[in-house]
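Thanks for making the time this morning. I would like to take you through one structure slowly, so please have a look at it on the screen before I say anything about it.

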Amino acid sequence: MKDLLRLRTSLTEEIEKVLNEQIKMEADASAMYLAMSAWCDRNGFDFSAGYFKEQSDEEREHMLRLFKYVSDMGGRAVSPDVTNVQIEFESFRSVFEQALQQEIAVTQSFNRIADRCQKSKDYVTFTFLQWFLKEQIEEEYVARRALELFEIIGEEGTGQYEIDKRVPKIKYDDTY
């Protein structure tokens with residue numbers, strides 16, 4: 001019976017498993033960004049609260065894109081549990097440090113999945129992943145630039161207010 005079910009999908013068990021793990025990672029990231037949005041809102045960083053809310057929505061879209069792919073390929077997409085979401089952060093700066101660490105971890109995860117796809121000759125999934133790999137360039141760029149604002153502007157005086165105002169304006173230009 002198990003072999004018959006595998007015939008319904010061109011995904012190997014290994015690729016289906018890593019894609020479901022990525023679905024969970026995207027769900028966790030969405031929840032983390034929403035918690036960051038709430039923390040920023042509670043602490044008077046209104047622009048950053050909006051920025052992190054948008055990030056949360058994007059991560060959820062990524063999760064749904066992966067979920068749909070697994071389902072469309074005849075696999076079993078798993079709706080993940082999201083628990084133990086961090087709701088308190090040490091500082092305004094630490095929120096952005098954690099956001100950059102999260103984006104780097106997501107990039108590394110997609111790279112590992114792409115590597116597994118190549119090793120198992122799953123070029124369909126490998127091609128599907130190209131959108132996510134390109135998206136991670138933008139995600140890391142924006143997170144890195146936001147964190148750099150703390151060094152450039154500084155946090156003294158009205159520094160945090162200026163950083164908060166500038167965060168949503170950071171855009172990635174991929175014209176090259």
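The crossing of helix H3 with helix H4 is left-handed, and please keep in mind as we go that what you see is a predicted model. How far apart are the axes of H3 and H4, and at what angle do the two helices pack? Their axes lie 13 Å apart, and the angle is about 15°. Since angles under 35 degrees count as roughly parallel, H3 and H4 are therefore described as roughly parallel to each other.

H3 covers residues 46–72 and H4 covers residues 92–119, and in the loop between them we find Val 85.

Finally, let us step back to the whole protein chain. Its secondary structure consists of six helices, with zero strands, so that reading along the sequence gives the pattern α-α-α-α-α-α. The chain has 176 residues, of which 41% are buried, and its C-alpha atoms, taken along the principal axes, fill a box of roughly 65 × 40 × 20 Å.

Notes:
Residues numbered from 1 in each chain as written. Predicted model: local features only at pLDDT ≥ 70, side-chain atom pairs only at ≥ 80, totals over all residues. Heavy atoms only, no water. Helix = DSSP H or I, 4+ residues; strand = E, 2+ residues; numbered from the N terminus. Axes fitted to C-alpha atoms, helices over the stretch in contact; angles between N-to-C directions. Parallel < 35°, antiparallel > 145°, perpendicular 65-115°, else oblique. Left-handed = near helix turned anticlockwise from the far one by under 90°. Buried < 20%, exposed > 50% of the residue type's maximum accessible area, 1.4 Å probe, protein only.
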